[in-house]
Amino acid sequence: MNPRPKHIAIIMDGNGRWAKERGHNRLWGHIRGAKAARQIIEASSRLKIRHLTLFTFSTENWNRPKKEVNFLMSLLSRQLDRELQTLMSNNVKFRTLGNLSQLPDNIREKIKDVKEHTKNNTGLTLTFAINYSGQQELTHCFKMLAEKVLSKKLHPNDISESLINQSLPSAYQDTPELIIRTSGEYRLSNFFLWQAAYSELFFVEKYWPDFNSEDLTEIIRQYTHKERRFGFITEQLKQQEVHTPNTVTLLN
Ligand code: IPE
Ligand code: IPE
Ligand code: MG
């Protein structure tokens with residue numbers, strides 16, 4: 001049996017379809033999606049999960065109609081205002097991944113403010129992936145390493161999986177043991193391409209606004225019963241071995 005995951009990442013998908021199927025416009029779905037996110041943040045905190053990453057806005061989401069993009073930005077801004085108190089009372093530390101420089105100034109300011117206020121909290125670390133792209137994150141990382149090689153600060157032979165891992169902006173947290181995507185879509189949509197190497201993937205049919213703490217608890221329960229093999233076979237796992245997604249050591 002696996003211990004409870006330390007890091008859960010969620011691709012919160014299906015707000016638009018949820019609203020459409022109920023005769024509302026897509027924007028209503030985003031409001032209900034934000035409510036679901038609040039519930040899941042509180043539940044993760046209660047369940048003593050160390051890290052929760054929520055895929056909030058992808059670099060590709062700028063392609064949506066301007067009205068929807070603007071609405072998502074204003075919703076994010078309101079959420080940051082409203083949730084600060086809840087984050088504080090739940091001892092949650094707020095962080096982000098993704099390129100914030102393209103966000104409206106007022107949102108960047110608010111993000112900075114919420115990060116600053118919550119930086120000494122010691123409970124759940126909540127990460128919003130905003131304007132995030134896995135490929136972009138890796139491209140930046142490789143460019144940075146290439147520059148170090150060019151200036152002779154790094155030898156190409158020293159570029160390893162572990163160096164790449166440490167050089168990514170997500171290095172402050174372990175890679176997620178569990179990635180959940182709602183809405184019945186079976187894809188990563190450019191999320192955590194590197195970090196997902198050995199994550200357990202759970203695809204849920206429900207749309208995001210319907211996803212609740214019971215669903216999360218049930219997925220965690222199923223996760224704890226999964227056999228994570230990391231390339232080994234079952235018989236080997238029964239011996240005394242150490243396994244983590246990035247360092248797999250067979251002790252015999
Ligand atoms: C997820 O729901 C929220 C964001 C991507 C911002 P969608 O808006 O993608 O909803 P569907 O997938 O169109 O139903
Ligand atoms: C992924 O959902 C992005 C977020 C959940 C923020 P999308 O709805 O944008 O993904 P695609 O476009 O259907 O792959
Ligand atoms: Mg979608």
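Which residues surround ligand 2? In this predicted model, ligand 2 is surrounded by Ile11, Met12, Asp13, Phe55, Thr56, Phe57, Asn61, Arg64, Arg181, Arg187 and Ser189. The space that ligand 2 takes is the largest pocket.

**The shell around ligand 2**

- Sorted by class, the shell holds four nonpolar, three polar and four charged residues.
- Strand β2, residues 51-58, gives the largest share of this shell, with three residues.

**Polar contacts and cover**

- Arg187 has a polar side-chain atom 2.7 Å from an oxygen atom of ligand 2.
- For Asp13, an N or O atom of the side chain is 3.1 Å from an oxygen atom of the ligand.
- In Arg181, a polar side-chain atom lies 3.3 Å from an oxygen atom of ligand 2.
- On its own, ligand 2 has 380 Å² of accessible area, and the protein covers 77% of that area.

**The largest pocket**

- The volume of the largest pocket is about 660 Å³.
- Its lining is made up of 31 residues, of which Met12, Asn15, Thr56, Asn61 and Arg64 are the closest to the pocket centre.
- Of these, Met12, Thr56, Asn61 and Arg64 also belong to the residues that surround ligand 2.
- At least two lining residues come from each of α1 (15-21), α2 (26-46), β2, α3 (66-89) and β4 (125-132).
- By class, the lining divides into 13 nonpolar, 10 polar and eight charged residues.

Key
Residues numbered from 1 in each chain as written. Chains lettered and ligands numbered in written order. Predicted model: local features only at pLDDT ≥ 70, side-chain atom pairs only at ≥ 80, totals over all residues. Heavy atoms only, no water. Near = heavy atom within 4 Å. Polar contact = N/O pair within 3.5 Å; in protein donor to acceptor, adjacent residues only side chain to side chain. Areas by Shrake-Rupley, 256 points an atom, 1.4 Å probe, with all protein chains shown as cover. 1 Å grid on protein atoms, 1.4 Å probe; cavity = no way out; pocket = protein on both sides within 12 Å on 5 of 7 lines; lining within 4 Å. Sits in = over half its atoms within 2 Å of the grid points. Helix = DSSP H or I, 4+ residues; strand = E, 2+ residues; numbered from the N terminus. Nonpolar A, V, L, I, M, F, W, Y, C, P; charged D, E, K, R; others polar. Points joined across faces, edges and corners; volume = space filled by probe spheres on them.
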